[in-house]
Each structure stands twice: as structure tokens, then as C-alpha cells.
Amino acid sequence: METISWQDFEKVDLRIGTIVAVAPFPEARNPAYKLQVDFGPELGIMKSSAQITRLYRPEDLLDRQVLAVVNFAPKQIGPFMSECLVTGLHEDARTVVLIGPDSRVPNGSRLA
């Protein structure tokens with residue numbers, strides 16, 4: 001495993017946001033949703049494509065807080081521009097479990 005410096009880690013901006021909208025993404029190569037995530041007044045709402053359809057239904061995702069990388073360059077995914085990366089862990093090769101806090105925290109809070 002390659003190690004990184006603390007300064008490298010500090011460059012990654014990981015923040016909490018609340019999912020405020022979920023839409024199907026039928027154009028995606030793998031089953032996915034188009035998410036809108038509210039990161040509070042500093043960052044506002046950002047869009048993300050997430051391959052989380054095996055474990056989550058749209059109604060399960062609304063108002064859920066998630067941890068996301070907010071300082072990647074936007075990435076074009078088919079007809080959709082993803083602005084942040086919602087984080088998760090692979091339960092198996094095709095199932096992703098989202099990362100989020102146990103208790104509600106203010107949108108935009110940085111990983112401590």
C-alpha cells in the first residue's frame with residue numbers, strides 16, 4: 001500500500017450533505033441514480049451520480065446525510081455532469097453501502 005503525507009490528505013475535502021433529490025439515471029452504463037446533495041450555504045447543492053440502486057430506493061435516500069468528496073473536478077458521466085463523489089463501501093462486487101453520520105450534523109461539516 002502506498003502511503004501519503006498529511007498534507008496530501010488535507011487536500012481532500014470530505015463533507016456531509018443531505019440528499020434533497022433523487023432521479024433515475026437510465027442512460028448510465030451501470031444502474032445508478034442522479035442525486036442532488038445539499039452541502040449548506042457555503043457550497044450549496046451539488047450533483048452526483050451514484051451506483052447504489054441495489055441497496056437503496058429513491059424514497060430511502062431523501063433526507064439521508066452522506067459523506068462526499070466535494071473538491072474533485074466535475075466529471076461527465078454520459079449526459080450528466082457529476083460535481084461531487086458520494087462515498088460508500090463495497091458490501092460485495094455490485095453493492096455499495098453509503099457512508100454517513102450516526103447523528104445529524106450541519107450540512108457542509110468537514111470530516112474531522
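Where does G108 lie? G108 is in the segment after β9, and point 5 comes back to it. A few notes for a first look follow.

1. Ground rules. This is a predicted model, where local features need pLDDT of at least 70 and side-chain atom pairs count only at pLDDT 80 or more, while totals for chains, interfaces and linings use all residues. Residues are numbered from 1 along each chain as its sequence is written, and side-chain values use heavy atoms, with hydrogens and water left out.

2. The overall layout. The protein chain has three helices and nine strands; helices here are DSSP runs of H or I with at least four residues, strands are runs of E with at least two, and both are numbered from the N terminus.

3. Size and packing. The C-alpha trace spans about 40 × 35 × 25 Å along its principal axes. Of the 112 residues, 34% are buried, where buried means under 20% relative accessible area, exposed means over 50%, and partly exposed is in between, with a 1.4 Å probe and protein chains only. Take the contacts (heavy atoms within 4.5 Å) with a separation of 6 or more: 58% of them join residues 24 or more positions apart. The accessible surface comes to about 7,300 Å², with 55% of it belonging to carbon and sulfur atoms; that area is from the Shrake-Rupley method with a 1.4 Å probe, and for residues only the protein chains shown count as cover.

4. The largest pocket. About 520 Å³ of space lies in it. A pocket, on a 1 Å grid over the protein atoms alone, is an open set of points where a 1.4 Å probe fits, with protein on both sides within 12 Å along at least five of seven lines, and lining residues have an atom within 4 Å of a point. Points are joined across faces, edges and corners, and the volume is the space filled by probe spheres set on them. The lining has 25 residues, with S49, A50, Q51, I77 and L85 nearest the centre. The elements giving two or more residues to this lining are β3 (45–50), β5 (75–77), β7 (85–86), β8 (88–92) and β9 (95–98). By type, the lining divides into 12 nonpolar, nine polar and four charged residues (Ala, Val, Leu, Ile, Met, Phe, Trp, Tyr, Cys and Pro are nonpolar, Asp, Glu, Lys and Arg charged, the others, Gly among them, polar).

5. Back to G108. It counts as buried because its relative accessibility is 13%. Leaving out residues up to four places away in sequence, G108 touches R15, I16, F39 and G40. G108 and K11 are 97 residues apart in sequence and 16 Å apart in space, C-alpha to C-alpha.

6. R104 and D63. R104 is also in the segment after β9, but with 52% relative accessibility it counts as exposed. Beyond residues up to four places away in sequence, R104 touches T18, D63 and Q65. D63 sits in the loop between α3 (58–61) and β4 (65–69); its phi is near 70°, a positive value in a residue other than glycine.

7. The start of the chain. T3 lies in the segment before α1 (6–10) and counts as exposed at 69% relative accessibility. T3 and G108 are 105 residues apart in sequence and 27 Å apart in space, C-alpha to C-alpha.
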